[in-house]
Amino acid sequence: CKDKHANEYFKHNNKMIPLRHLAPEVLHSSSYTTASDVFACGVAIWEIINLGALPFEAIGNEEFCQMLQNKSVEYGKLFEGDKLPIELQKTLVR
């Protein structure tokens, strides 16, 4: 039996971090701000609306980390969809 959320955390700079809740700028600067907290909250809201789904679930942690470093993660596509109200989509993508 494998824990469904085993892929949520990733070791970065000898710390276990929730990679998919991490604002892209945090990976580069290692500093957390109010904006990065708001970003993490937006991802948590997305998870709630999607009944606990893991963001970008089909992508492995190593590849996702590389995408974050290359700034190639398209969060707009994650937040698009019929489950999220359009007002919330606009807020999350800002």
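Colleague: Leaving aside neighbours within four places in sequence, which residues is Tyr 75 in contact with?
Modeller: This is a predicted model: local features need pLDDT of at least 70, side-chain atom pairs count only at pLDDT 80 or more, and totals for chains, interfaces and linings use all residues. Residues are numbered from 1 along each chain as its sequence is written, and side-chain values use heavy atoms, with hydrogens and water left out. Contact means heavy atoms within 4.5 Å. With those sequence neighbours set aside, Tyr 75 touches Leu 22, Pro 24, Phe 39, Phe 56, Phe 64 and Leu 68.

Colleague: What pattern does the protein follow along the sequence?
Modeller: Helices (H or I, at least four residues) and strands (E, at least two) are DSSP runs, numbered from the N terminus. The protein has 5 helices and 2 strands. Read along the sequence, the pattern is β-β-α-α-α-α-α.

Colleague: What share of the 94 residues in the protein is buried?
Modeller: Buried means under 20% relative accessible area, exposed means over 50%, and partly exposed lies in between (1.4 Å probe, protein chains only). Of the 94 residues, the buried share is 37%.

Colleague: Which residue lies over the face of Phe 64?
Modeller: A charge sits over a ring if NZ of Lys or CZ of Arg is within 6 Å of the ring centre and within 35 degrees of the ring normal. At 4.8 Å from the ring centre of Phe 64, the residue over the face is Arg 20.

Colleague: What is the phi of Leu 51, roughly?
Modeller: Most residues other than glycine have a negative phi. Leu 51 is found in the loop between α2 (34-49) and α3 (61-69), and it is exposed at 74% relative accessible area. Phe 56 lies in that loop too, with a positive phi near 50°. Leu 51 is not a glycine either, yet its phi is positive, at about 55°.

Colleague: How far apart in space are Leu 54 and His 21, C-alpha to C-alpha?
Modeller: Leu 54 lies in the loop between α2 and α3. Leu 54 is buried, with a relative accessible area of 7%. Ala 44, in helix α2, is 10 residues from Leu 54 in sequence and 9.6 Å from it in space, C-alpha to C-alpha. Leu 54 and His 21 are 33 residues apart in sequence, and their separation in space is 9.7 Å.

Colleague: Which residues does His 28 touch, not counting residues up to four places away in sequence?
Modeller: His 28 lies in helix α1 and is partly exposed at 43% relative accessibility. The C-alpha atoms of His 28 and Gln 69 are separated by 7.2 Å, though the two are 41 residues apart along the chain. Beyond its sequence neighbours, His 28 touches Leu 68, Gln 69 and Lys 71.

Colleague: How many disulfides are there?
Modeller: Cys 41 is partly exposed, at 42% relative accessible area, while Cys 65 is buried, at 7%. A disulfide is a pair of cysteine sulfur atoms within 2.5 Å. By this rule the count is 0.
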